[in-house]
Amino acid sequence: MTEWTRLPDLASRAVGGGVVWANDELFAERENLIKPAEPVYQTYTFGHKGQIYDGWETRRRREAGVDQAVIRLGMPGVVRGVVVDTAFFKGNYPPFCWVEGAQAEGYPTADEITEWFPLVERSALKGDEKHHFDVTEGRRVTHVRLTIDPDGGVARLRVHGEPVADPRLLVPGVDLAALENGAVVTGCSNMFYSSPNNLIAPGQATVMGEGWETARRRDDGNDWVSVKLAAPGVVQLVELDTSHFKGNAPGWASVSGCDERKDPDAWFDVLPRTRLQPDTRHRFVVDSVEATHVRLDIYPDGGMARLRVLGTPTNDGAAHLRSLWAKSGS
């Protein structure tokens, strides 16, 4: 076994990776590339477009060109090795591939990333085989682009490496909006598909149904959820996670706050209206503000997997938590 395969897979769906774009996925969906499980195959399982493959497969090209997929790493870091697995693709695997990396700020779309550098040079592939490629590039990578030449199917792409955290996001504190810490949903515009309590539930959502999703709006309004924080606190970071919401993620979102100790009707911006990407864990450092409540507005509608509000309880907030603990007989 190549030593770097013991390192985490930075692209895996299990750590929040996402396939943000592919130029073609007619036969098999691009999302299969980063599934944590090993690929499987069942004979004679045909759908409307042919045999169903557990991988990414493009149509047969009738003109010059290549096919590409762009993956946002769940954990940006330094890549040490890449595995391109063509499992079960035998007469329909690509003969060549290469892999590039990018270091992008924020949450760009695939076409907004303009600077790519090589991770794996153009290399020959075989059918139904795992291909291991060493990577010597030492720069931090946030996105990778897999190119197959000219077309065909790849079952899995593994991007092994060492995570490198953005120090700006290493905010001390706790999730003031966590259900398990005592936060409460106090209002919601719509919960047609699922409960807003899912937004503040523990852990990562594993499927779309574990988030909060509203009905499609047919007016000029927008949907929202309000949350009473577990304790009054100083908010420092907001996480808006649209994981698994692809064609139904909100286009934009904002977060406002209020401090009911001062004025329950005086709401202020915590995070101004901000563009969101589908199927993405967004993390935003915000100006430190004291709040007892927050309100998430999504524009115009759609689904959100998780809302996190990281911060530090104020002195009276910490006293409130201790009081609840004492009253419970603990």
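Q: In which sense do S16 and strand S17 pair, and over how many bridges?
A: This is a predicted model, in which local features need pLDDT of at least 70, side-chain atom pairs count only at pLDDT 80 or more, and totals for chains, interfaces and linings use all residues. Residues are numbered from 1 along each chain as its sequence is written, and side-chain values use heavy atoms, leaving out hydrogens and water. Strands are DSSP runs of E with at least two residues, numbered from the N terminus, and two of them pair if DSSP finds at least two bridges between them. S16 and S17, the latter covering residues 268-275, pair in the antiparallel sense over five bridges.

Q: Which residue in S17 is the bridge partner of Ser 256?
A: The pairing of S16 with S17 is antiparallel. Within S17, the partner that Ser 256 meets in a bridge is Asp 269.

Q: Which residue in S18 is the bridge partner of Ser 254?
A: S16 also pairs with strand S18 (residues 281-299), in the antiparallel sense and over seven bridges. In S18, the residue bridged to Ser 254 is Asp 297.

Q: How many of the seven residues of strand S16 are buried?
A: A residue is buried at under 20% relative accessible area, found with a 1.4 Å probe and counting protein chains only. Strand S16, which spans residues 252-258, is mostly covered, and the number of its seven residues that are buried is six.

Q: What percentage of the 330 residues of the chain count as buried?
A: The secondary structure of the chain comes to one helix (a DSSP run of H or I with at least four residues) and 20 strands. Of its 330 residues, the share that counts as buried is 51%.

Technical notes: Buried means under 20% relative accessible area, exposed over 50%, partly exposed in between (1.4 Å probe, protein chains only).
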